[in-house]
Amino acid sequence: MTADGLNSFRSGPDEQGRFGIFGGRFVSETLMPLILDLEAEYTKAKDDPSFWAEMDDLWANYVGRPSPLYFAPRLTEELGGAKVYFKRDELNHTGAHKINNVLGQILLARRMGKTRIIAETGAGQHGVATATVCAKFGLQCVVFMGATDVERQKPNVFRMRLLGAQVVPVTSGRGTLKDAMNEALRDWVTNVSDTFYCIGTVAGPHPYPAMVRDFQSIIGKETRAQMLDAEGRLPDVLVACIGGGSNAMGLFHPFLDDPEVRIVGVEAGGHGVDERMEHAASLTGGRPGVLHGNRTYLLQDEDGQILEGHSISAGLDYPGIGPEHSWLHDMGRVEYVSVTDQEALDAFQLSCRTEGIIPALEPAHALAHVTKLAPTLPSDTLLVMNMCGRGDKDIFTVAEALGTSI
Amino acid sequence: MTRIDRRFAKLKAEGRPAFVSYVMAGDPDLETSLEIVKGLAGAGVDVIELGLPFTDPMADGPTIQLAGQRALEAGMTLRKTLDVVRALRESDDDTPVVLMGYYNPIYSMGVETFLAEAQSAGVDGLIVVDLPPEEDEELCLPAQAAGLNFIRLATPTTDARRLPKVLSNTSGFVYYVSITGITGAAEAAASAVGPEVARIKASTPLPVCVGFGIKTPARAAEIGQVADGVVVGSAIVERIAAGDAPAQVLAFVKSLADAAHAARG
């Protein structure tokens, strides 16, 4: 299995920022020069040992990396199949994988002399991570968040404000993540000279999908080394949840050229992937289109109008997906599946009960698939699931879903 | 030669700037929208820009965003937008029509199908905001091969290094976005716009029209003195949003067109 006659699944994107037909630079002319500048700066930084030395120092001393690779014994026993490991990215500073990428982008922004950072956020995890790093470096931070999400995610809104960020509720459209991204792009078009747009996932115009992937790949690189250490060989199966897909791409990318490693991405199936379109499973329930600077699988109607999508997890509630995932889907290198809100809720409670880990609702989706997959696999199978965020932010949503008030 | 080329040649001979109006197709509904579109030429409009509604208009301010939402809620689609052009062509075969919007609805229909339909409906040109020169193979080159103009936006961030690339596959006219920002934003000073228009004209024989942030007849007149055309969108759409009847909207359009045309009087 190789990609387009190349010998690697890891060589994308091409010079046009494409992964096969996906990706690209579908932005207005005003933004084009900014994106080209960013690409040039990132290309320089990528080959600059001092850039990575600074990243390594911050990862170790500010974020708390490497995150552990933890064998989950009681969960493994309960599922009765593959040995289940969690990559513990929920133990990072700010409680999720998001900060891996934010640090990289903020260091780039500093190299470029940008003084004002903007970001979009859905559940608020990327917004909190961005506000955190901006506070650390004394940068102005403006976070765009759908008005609906501002209401749903009050604790994170307060966190961002404590950290000195300005949170702008976005009322255009339906007031969710995609509208927040639209509004961030509108801000960027308006404030071209001093502003850096810190995108939270492996989507957007080139070079964002590749750049965010590179920053998040620390997850997979660590997993590789840790598993070799623990078991003397590579894992057999990787599982991660996917909204835009940054935690998944971070785990998957270092393993794409190891054909013996089975890789599974789990999308949010909401109320079920069917014609009601009450889900956020772009790959299993969408088709290719162009939005937010890239071509990728999108939830859309017959006329090419973008649909809202639904998930119990505000972090997965996005009608698109990173373009590299679209390509890996079409190439067949990664399997993409979906689980429903209810399955994620069940898995959420299972993790609490068996491992004493309250997961975010996002990785609870990955875990829900693990509960289906692990029992079908032999007991010497090594399975790694990315526990990409902790669930403190979700306890209100979960309580409501369980019919409890807190 | 498209209707756009013929229209600008005529205006040049007459020594007048073009007045270009933008309205969203299907705003507030198909019938009202068609009545307005049919009246634009009579109000002095030289080039009609017809907005394609899209759920996620990333380069537009609240006025155009809401216009798109109204149109979509009233059931507007890309096919029905082409029907509006067809209906206009029954009574007006001269006034150029440019469709302006975002790529996804076109991509969703299929580029080949769209170009054939647009051509037969009587569309003359396209402005697709999220297709920069880097993506020319998507639609720009096929559109020009099909005989449609592909009108590119040049912006204050389009520097001397980048300008040739922006102009290379542009046809019909160049649309100079006078501010860094979204549609309906603050006005750019005419004193700043003049040199920019001159800078672009030094590199292309194409007419240069100026838009974004032009809201009043007075400003239309000022821009008309320094550019080959004046584009007004949000200010007209605001009248439609306020519930003005088509006759009132067209009277406002006429006041803008008259001011722009009188600019070099």
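Is Cys134(A) buried or exposed? Select Cys134(A) and take a look: with a relative accessibility of 1%, this cysteine counts as buried. Keep in mind that you're looking at a predicted model.

**Stop 1: cysteines in chain A**

Cys134(A) has its nearest cysteine sulfur in Cys141(A), 3.9 Å away, and a disulfide needs the two sulfurs within 2.5 Å.

Now jump to Cys352(A). Its closest cysteine sulfur belongs to Cys388(A), and at 15 Å that is too far for a bond. Cys352(A) is partly exposed, at 29% relative accessible area.

**Stop 2: an annotated stretch**

Next, colour residues 64-389 of chain A. An unreviewed UniProt entry annotates them as "domain: Tryptophan synthase beta chain-like PALP". This stretch is 41% helix and 19% strand, and its end C-alpha atoms sit 14 Å apart.

**Stop 3: the sheet in chain B**

Switch to chain B and show the strands. Nine of them form an open sheet with parallel pairing, in the order β5-β4-β3-β2-β1-β9-β8-β7-β6. Find β5 (149-150) and β6 (152-154) at the edges: each has a single partner strand, so one side of each is left without a neighbour in the sheet.

Zoom in on β3 (residues 97-101) and β4 (residues 125-128) of chain B, which run parallel and are joined by four bridges. Here Leu99(B) stands opposite Leu126(B).

**Stop 4: helices on the sheet**

Finally, select helix α12 (residues 246-262) of chain B. It packs on the sheet, touching β1 and β9 (229-232), at about 155° to β1(B). Then pick helix α2 (residues 30-40) of chain B, which lies across β1 (18-24) and β2 (47-51) and runs at about 175° to β1(B).

Methods:
Residues numbered from 1 in each chain as written. Chains lettered and ligands numbered in written order. Predicted model: local features only at pLDDT ≥ 70, side-chain atom pairs only at ≥ 80, totals over all residues. Heavy atoms only, no water. Pairing = 2+ DSSP bridges. Helix = DSSP H or I, 4+ residues; strand = E, 2+ residues; numbered from the N terminus. Contact = heavy atoms within 4.5 Å. Axes fitted to C-alpha atoms, helices over the stretch in contact; angles between N-to-C directions. UniProt positions renumbered as here; feature names shortened; annotations may be inferred. Buried < 20%, exposed > 50% of the residue type's maximum accessible area, 1.4 Å probe, protein only.
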